[in-house]
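We will go stop by stop.

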Amino acid sequence: MGTERRMARARQGKTRLRLPDFFIIGAAKAGTTSLYDMLIHHPGVFLPDRKEPEFFARDDLYGEGIENYAWLFEPARPDQLTGEGSTLYSLSPLFPDTAARIARHVPQARFIYVLRQPVERAYSFYVQLVKNYQNATGDHVVHRRFEDFILPECHARAAPRAKALAPFNAHFPDTPELCLAGSDYPAQINAYLAHVPRDRMLFLKFEDFRRDRDAVMAQVCDFLGLPQTMDHPAGSGRRNVSRDHFHRLGEQLALDAFRQEAGALWKLRGMLPARLRQRLRERVLARALQGEKPHEPPAMLPETRALLSCRFATQIPELTRLTGLDLSEWGLDLSKD
């Protein structure tokens, strides 16, 4: 059955729309992909193969209609809970209508929100933007520092958008808040509490998830009313690690540079014994580790870290009250200053 025909039937009430029972709303770079990867293997859960539908956040997608979105969940069995995970859903006020739209269409939905130390999360989001740009364009030079994204005075004179954001991130507003809004957790939580009861929101810490994934999964299963099965494949639960991308890219760039330096001699490498070829490769890669790395995002400046720590420290009392989480390990206690 074609999409147009199915949508017409849904509008006529002949097909019941299947919508999510729960949402993983964020935060971006707080382990949501790993959590999604583990949940997708739970027999009582159906998640679309494609994470990040972003339907309720983006005006262009929302404008296509709820029927078009609902077909993502059509393959779910009747006895399964359905869910999705879009970290754009916790980027208010950049996408201000998200919570209201979800509440309008899925009033009984539950929400899972994973929080990470806010300064580290913001920088990690920047690193992800660099990775996205490199993968999409093949340009391996980093044209913007973290500070060029988040500090208004630096952002005003930074490299243009086309040199910093991937084409598939066209829906992202290029503002200093792009990397920071996702760490303003109280604002994100209050945007949802204006529409849904507190008991339908589960708050987790990325740091707990990294220490004990099974324990956090048990919390998620209890929240969703699912049997606590830990039958997930080996290797699941660790996804979207940006440092792996930059390590592999560094190795490839080093080998490409050596190939150019070697010229015609490169074609003769097959004549070398395997052990010698491996030793040569190791020396090339070791040299790359010691040299400049224009393909890697530069570290956050100490003064930037101090500035952001002050900004997010002021939010800790309210965030603790809203979530009930112990956030002391984040090291953002203003009373210690």
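What covers the buried residues of α15? The cover includes β4 (110-115), α9 (185-193), β5 (201-205) and α14 (302-313). Contact here means heavy atoms within 4.5 Å. Helices (H or I, at least four residues) and strands (E, at least two) are DSSP runs, numbered from the N terminus.

Before moving on, know your model. It is predicted, so local features need pLDDT of at least 70 and side-chain atom pairs count only at pLDDT 80 or more, while totals for chains, interfaces and linings use all residues. Residues are numbered from 1 along each chain as its sequence is written, and side-chain values use heavy atoms, with hydrogens and water left out.

Select α15, residues 316-323. Its buried residues (under 20% relative accessible area; exposed is over 50%, partly exposed in between; 1.4 Å probe, protein chains only) are I316, L319, L322 and T323. Look down the axis of α15: these residues fall within an arc of 125°, so they line one face. The arc is that of the directions from the helix axis to the C-beta atoms. Now turn to the face away from the buried side: P317 and R321 are exposed there. Just after α15, find G324, with a positive phi of about 75°.

Next, the largest nonpolar core: 87 residues. Such a core is a set of buried Ala, Val, Leu, Ile, Met, Phe, Trp, Tyr and Cys residues joined through side-chain atoms within 4.5 Å. F23, F56 and Y89 have the most contacts inside this core. Helix α6 (residues 118-137) gives the most to it, with eight residues.

Last, select C154. It counts as buried because its relative accessibility is 9%.
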